[in-house]
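Welcome, and thanks for taking a look. Please open the structure below and keep it in view while you read.

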Amino acid sequence: MNNSKIRLRLAPSPTGFLHIGNLRTALFSYLIAKKLGAQFILRIEDTDQKREVEGAVESLVKILDWVGINFDEGPHLGGDYGPYIQSERLSLYQKYAEELIEKGEAYYCFCTAERLDKMRAEQEAQKMAPRYDRACHDLSLEEARKKIAAGEKYVIRQKMPLSGEVKVYDEMRGEIVFKAAELDDQVLLKSDGFPTYQLASVVDDHLMEITHVTRGAEWLPSYPKNILLYQSFGWTAPKFFHFPLILNKGGGKLSKRQGDVFVEDYRSKGYLPEAIINFCALLGWHPDGDKETLNFSEIIENFSIKNLGISPAVFDLDKLDFYNGYYIRQKNDQELTKLCLPYLEKYVEKINDHEFKIIACEEVVSLIYLEQVIALSKDRMKKLSDIVELSEFFFKEKLDYEASILVWKKSTAPEAKNKLQELKQLLENTEKENWSKLKLEEIIVSYIKEKEGKNGDYLWPLRVALTGREASPSPFEVAEVLGKKESLARIEQAIIKL
RNA sequence: GGUCCCUUCGUCUAAUGGUUAGGACACCAGGUUCUCAACCUGAUAAUAGGGGUUCGAUUCCCCUAGGGACUACCA
């Protein structure tokens, strides 16, 4: 073990899915680790048994891996500083809590939950700051041990200085001065023998030789207590970074109430890791130049700690959508098709790697056909799940739409019918080898010109006939993918409707 | 209530003791066009307020205001 080594940890609680705020913390932590050449460590803070969720560690590792954040040490990887799960380190915390008692830096407290609740209610009623009244602060050690021997439940509380200032240094904000008298004698060891976050994180950061602590700004208020703990133990504190919070649109810590907050939610809706990473990176950090579309390796390359901001940032879904659309457009048709296929299960069934069955009509199509379909939706997708809405007209046996939408705004129904009949005839006579979007466009547009007609009179009804929608890709592109037979059948259907 | 943090376009942000205060998203307009997108061009839009310091403050300091976090045997 090398003491001079830089070590940085991510210490989430396994309470379910990964919150977008935690992802941003993970990202910045990872970037700082990369920049400093540090070891990046995952440690699971599962000291609250009530909130623990089964399988949360696995899903955490999985989703971080999905976005491209990985570790050098952790419960899933092992390492020289394990175990990396706090519930497996309980005896350690108990030992260190007792050490604090010996040193007079902490004390046993026998107050019941009921008494504490009542105390707090009274304090609030009197407009006082709710804070532990230090009822057990001056209990002698002998008395306390007697109570423990008698089987009384207890917690261990940290002894805070009663006056003066506590100066701390945040790497992003500089020196912050706290009034010591406002610090609560917080619980370090709970009555169930589990440590609180405050004790466990300090003990583990010390034992794991963590040099840089990165966490959200919600921890700023407890930072002085942490520093006091280090002093009580006689340990050197690591450097601390407190990242600004991510806020809801209306202000306030990002929460479930106002939409999705879990990375898994975004993943299942079809947001790409590139987009999520790019978006999160720019929430509180900025590159040196004007280029703001950056993939992960470009972000790592350009990352610098000095460009980290300190003001809270509002989560703007529009911007995430922009990035996602952008990265979708960067995909080639093959990649994108692979990503979209899971969303199309309702319409398309996989037969093998190259053949698929369109469920509605039992027709077998090739992978290339699907790639063509996806290609036509690419520019219109904000997220992968949009593919359903955008492409379903390719997979339906019968299109369901109002006849009225076949009529171009500057035209009439009989005229639309006429034009479709003309086009039907024209297309029936079109050779199979000319059935490509370019050729079709050439043929149809020159026909319209010859007839001295307006493009809209012909193309609008044609496009609606083929797609059943007012908004869609061009009729030439759709016709090419649909093929001659299906295109003509759809035109015929439209003529019947009119 | 207390403690602490934060404050540049609607949003994310850049910049500097002297700039026409820059970029991105969104919005709006135009181009392209049968439609919707994509794409291109353009427009609108900000230094919270008040005091200082200074030849000069958006930038440094103070106050006010606003917002936020914390205030658990949760993290």
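## Overall form

Let's start with the whole chain, bearing in mind that this is a predicted model. Chain A contains 19 helices and 14 strands. Its radius of gyration is 32 Å, well over the 23 Å that the globule rule gives for 498 residues, so chain A is more spread out than a compact globule. Along the principal axes, its C-alpha atoms fill a box of roughly 105 × 50 × 40 Å.

Of the 498 residues in chain A, 34% are buried. If you take the contacts between residues at least 6 apart in sequence, 74% of them join residues at least 24 apart.

## Around the RNA

Which residues are closest to RNA strand B? Ala129, Ser311, Asn455, Ala471 and Ser474 are, out of 68 residues that surround RNA strand B. By class, this surface has 27 nonpolar, 17 polar and 24 charged residues.

Helix 17 (455-467) gives the largest share, 5 residues. Other elements that each supply at least two residues include helix 4 (113-125), strand 6 (174-179) and helix 11 (317-330).

Strand 13 (residues 355-358) is joined to strand 14 by 4 bridges, and glutamate 355 has serine 366 in strand 14 as its bridge partner.

Terms used
Residues numbered from 1 in each chain as written. Chains lettered and ligands numbered in written order. Predicted model: local features only at pLDDT ≥ 70, side-chain atom pairs only at ≥ 80, totals over all residues. Rg over C-alpha atoms; globule rule 2.2 N^0.38 Å. Buried ≥ 20, exposed ≤ 12 C-beta atoms within 10 Å, placed from the backbone. Contact = placed C-beta atoms within 7 Å. Near = placed C-beta within 6 Å. Nonpolar A, V, L, I, M, F, W, Y, C, P; charged D, E, K, R; others polar. Pairing = 2+ DSSP bridges.
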